[in-house]
Amino acid sequence: MQACFLFELFAAVPSTIIRTGANVEETRKSRHSFQTDDPRLSSIAEKVFAEQRLSFDDGVALYRSADILAVGWLANWVREKMHGDIAYFNVNRHINPTNVCVAACRLCAFGRKKDAPGAYTMALEEAWQRAAEGYSEAVTEFHLVGGLHPDLQLEYFLDLISGLKQRFPKVHIKAFTMVEIAFLAKRSKLTIRETIEKLKAAGVDSMPGGGAEIFADRVRHIICDHKIDGDEWLETARIAHQLGMRSNATMLYGHVENDEDRVDHLLRLRALQDETGGFQTFIPLAFHPDNTALDHLPRTTGLTDIRQIAVGRLMLDNFAHIKAYWQMMTAKIAQIALRFGADDIDGTVVEEKIYHDAGAETPQGMRRVDLVRLITEAGRVPVERDTLYRAVERSGDTFTVAV
Ligand code: V47
């Protein structure tokens, strides 16, 4: 399929433009107030202001600059140019149907072998019941991801999704990482394309960004050597986009990767986005070491977390959105990230397992009102979005999506 066709396909979805009355030009800082004592950043700033693409070396320099405030200033400049003062959130619910996983990734504290203590697999009724819990705020999105179960057939997942759609027809279903799709395809002896087509027909509307980790082979061998490799992750995303599915993209940082690995990851995402235009949001994910095989590694610091957001915003000039996932970076850092390049903090979540198994101390979920307060206190204008970044309007316990 031709790239231009894909651009047309995705142009039909208003992914970035939400009419809230915010005047983008008014909120933009003047480029003349940019200051730095890092000469390398001065030349990068010239490129940013001229809307020129940043190079691999620029990316490495952004990671190594001691002037984090200047890096953040530039990212914020781009963010305000794209979104003004708007900051997005959504009312969503995570569901993890199983934690049984054949992969045994060293990065992960969530997956269990089938007979290990704590292993679970939800019966379909149980998963549908779980979806209804926390529905009082009228969720607009179910986010479903799980382990690579050795025995569950594709039919289980098709029934799971069609059952959810039947019960909650208005809710967008964002489900299955590229890793899960590739695993299901192999198990079912189907192609990736056929697998996505079947899931789409059952009701999957888009795909989350997980499983990307770091694309570099050297790192992948250490942190997740049983998963598909970087090229396979990108190829699965390419096929999903060709089939009209939007997806997100993540990058797991703060383990054994170096600055060059991070920049390589960002540039490979940027190249695929040039081709398909199918990514919606970039989400940097901080590695949480507790209960993993890499628990000797220290946790990331606030500055490292903030820098990933800023570098992501500056390097990924063709991504509309950068998400500071509050569950992963804490609400406090996510709030600061809204001034360092992020325009989204994710949603209510309700129940989170992947980070909490790995030692996250954030709450399981957040109420809509608290997300609004977080954003407002950061001096931004909160806009509730659906998964496709369309404005959501609420009336009591129901919602409508602006199209
Ligand atoms: O794929 C696993 C990561 C991801 C650990 O698309 C870990 O909107 C840190 O992808 N420490 C799942 N990270 C979460 C994810 C996600 C989250 C929120 C929103 C979206 C979206 C996607 O979590 C996994 C893996 O990359 N992960 N274990 C860990 N110990």
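Which strands and which helix each supply at least two residues of the shell around the ligand? They are strand 6 (246–253), strand 7 (279–286) and helix 15 (354–357). The model is predicted. In it, the ligand takes up the space of the largest pocket.

**Overall fold**
- The protein's secondary structure comes to 16 helices and 12 strands.
- Along the principal axes, the C-alpha atoms fill a box of roughly 60 × 50 × 45 Å.
- The radius of gyration is 20 Å, which agrees with a compact globule, because a globule of 403 residues would have a value near 22 Å.

**The shell around the ligand**
- There are 24 residues around the ligand.
- Among these residues, Leu107, Lys174, Gly211, Glu213 and Lys323 come nearest.
- By type, the shell divides into 12 nonpolar, eight polar and four charged residues.

**Polar contacts and burial**
- Glu213, one of the residues that come nearest, has a side-chain N or O atom 2.5 Å from an oxygen atom of the ligand.
- Gly211 is also among the residues that come nearest, and a polar atom of its backbone is 2.7 Å from a ligand oxygen atom.
- At His288, a polar backbone atom is 2.8 Å from a nitrogen atom of the ligand.
- The protein buries 96% of the 620 Å² that the ligand exposes when taken alone.

Note on methods. Residues are numbered from 1 along each chain as its sequence is written. This is a predicted model: local features need pLDDT of at least 70, side-chain atom pairs count only at pLDDT 80 or more; totals for chains, interfaces and linings use all residues. Side-chain values use heavy atoms; hydrogens and water are left out. A residue is near a molecule or strand if one of its heavy atoms lies within 4 Å of it. A polar contact is a pair of N or O atoms within 3.5 Å; within protein, one must be able to donate a hydrogen and the other to accept it, and residues adjacent in sequence count only if both atoms are side-chain atoms. Accessible areas come from the Shrake-Rupley method with a 1.4 Å probe; for residues, only the protein chains shown count as cover. On a 1 Å grid over the protein atoms alone, a cavity is a set of points where a 1.4 Å probe fits but cannot get out, and a pocket is an open set with protein on both sides within 12 Å along at least five of seven lines; lining residues have an atom within 4 Å of a point. A molecule sits in a cavity or pocket if more than half of its atoms lie within 2 Å of its grid points. Helices (H or I, at least four residues) and strands (E, at least two) are DSSP runs, numbered from the N terminus. Ala, Val, Leu, Ile, Met, Phe, Trp, Tyr, Cys and Pro count as nonpolar, Asp, Glu, Lys and Arg as charged, and the others, Gly among them, as polar. The radius of gyration is taken over C-alpha atoms; the globule rule is 2.2 Å times the number of residues to the power 0.38.
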